[in-house]
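Please read the points below alongside the sequence and the coordinates.

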Amino acid sequence: QVQLVESGGGLVQTGGSLRLSCAASGRTFRTDALGWFRQAPGKEREFVARITWNGETYYADTVKGRFTISRDNAKNTVYLQMNSLKPEDTAVYYCAADLVGGSSSGDYDYWGQGTQVTVSS
């Protein structure tokens, strides 16, 4: 059974940092695209960042320069380093995986359960 499990969320003050992790199990995701999405209360799920199987990275304009996505294929894990956090970054963050994942949530077949990130002002 394929599982994605996020961790690392929490409460942080404006300007602070958090590092999210997403560990995959059930099969290797070495050749998958891995992505991070987020959903704030009352809003639709939105793209945050993604990394291709060969390490190319893409970011939403709202997080570019502040967030960094990376992957460790040996650990079947994807990370999201979040710096200079703002209150508007508050959301549930989800990781996702797919053989051909783009910047749309519909591109991904596998999803984690989400981890809450709250940034206080």
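Tyr110 counts as partly exposed, because its relative accessibility is 29%. The model is a predicted one, and Tyr110 belongs to strand β10, residues 110-111.

**Aromatic rings**

- Six aromatic pairs are counted in the model.
- In one of them, the ring centres of Phe29 and Tyr110 lie 5.9 Å apart with the planes at 85°, so the arrangement is edge-to-face.
- Phe29 sits in the loop between β3 (18-25) and β4 (33-39), whereas Tyr110 is in strand β10, so this pair ties together parts of the chain that are 81 residues apart in sequence.
- Phe29 has a relative accessible area of 2% and is therefore buried, while Tyr110, at 29%, is partly exposed.
- One aromatic cluster is formed by Phe37, Phe47, Tyr94, Tyr108 and Trp111.

**Arginines over ring faces**

- Arg27 is positioned over the face of Phe29, at 4.2 Å from the ring centre.
- Arg19 is positioned over the face of Tyr79, at 4.0 Å from the ring centre.

**Salt bridges**

- Side chains of opposite charge can pair when their charged atoms come close.
- The whole structure contains five salt bridges.
- One of these joins the side chains of Arg27 and Asp32, with an N to O distance of 3.0 Å.
- Asp32 is buried because its relative accessibility is 0%, whereas Arg27, at 28%, counts as partly exposed.

- Asp89 forms a salt bridge with Arg38, and the closest N and O atoms are 2.9 Å apart.
- This pair links distant parts of the chain, with Asp89 in the loop between β8 (77-82) and β9 (91-98) and Arg38 in strand β4, 51 residues apart.
- Asp89 also meets Arg66 in a salt bridge between side chains, at 2.7 Å from N to O.
- Here too the pair links distant parts of the chain: Arg66 is in the loop between β6 and β7 (67-72), and the two residues are 23 residues apart.
- Through shared partners, salt bridges join Arg38, Glu46, Arg66 and Asp89 into one network.
- Asp89 is buried at 1% relative accessibility, Arg38 is buried at 5%, and Arg66 is buried at 11%.

- Thr52 is located in the loop between β5 (46-51) and β6 (57-59).
- Its relative accessibility is 11%, so Thr52 counts as buried.
- A polar contact of 2.5 Å connects the side chains of Thr52 and Asn54.
- When neighbours within four places in sequence are left aside, Thr52 is in contact with Asp32, Ala33, Tyr58 and Arg71.

**Cys95 and its surroundings**

- Cys95 lies in strand β9 and is buried, because its relative accessible area is 1%.
- Not counting residues up to four places away in sequence, Cys95 touches Leu4, Glu6, Cys22, Gly35, Trp36, Val78, Tyr110, Trp111 and Gly112.
- Among these contacts of Cys95 are Tyr110 and Trp111; Tyr110 pairs with Phe29, and Trp111 belongs to the aromatic cluster.
- The C-alpha atoms of Cys95 and Ser21 are 8.6 Å apart in space, while the two residues are 74 residues apart in sequence.

**Positive phi angles**

- Asn76, which is not a glycine, has a positive phi near 55°.
- This residue is in the loop between β7 and β8, and Asn76 counts as buried because its relative accessibility is 16%.
- Ser84, also not a glycine, has a positive phi of about 50°.
- Ser84 is placed in the loop between β8 and β9, and its relative accessibility of 40% makes Ser84 partly exposed.

Key:
Residues numbered from 1 in each chain as written. Predicted model: local features only at pLDDT ≥ 70, side-chain atom pairs only at ≥ 80, totals over all residues. Heavy atoms only, no water. Helix = DSSP H or I, 4+ residues; strand = E, 2+ residues; numbered from the N terminus. Buried < 20%, exposed > 50% of the residue type's maximum accessible area, 1.4 Å probe, protein only. Polar contact = N/O pair within 3.5 Å; in protein donor to acceptor, adjacent residues only side chain to side chain. Contact = heavy atoms within 4.5 Å. Phe/Tyr/Trp six-rings, centres within 6.5 Å; stacked < 30°, edge-to-face > 60°. Lys NZ or Arg CZ within 6 Å of the ring centre and 35° of its normal. Salt bridge = Lys/Arg side-chain N within 4 Å of Asp/Glu carboxyl O.
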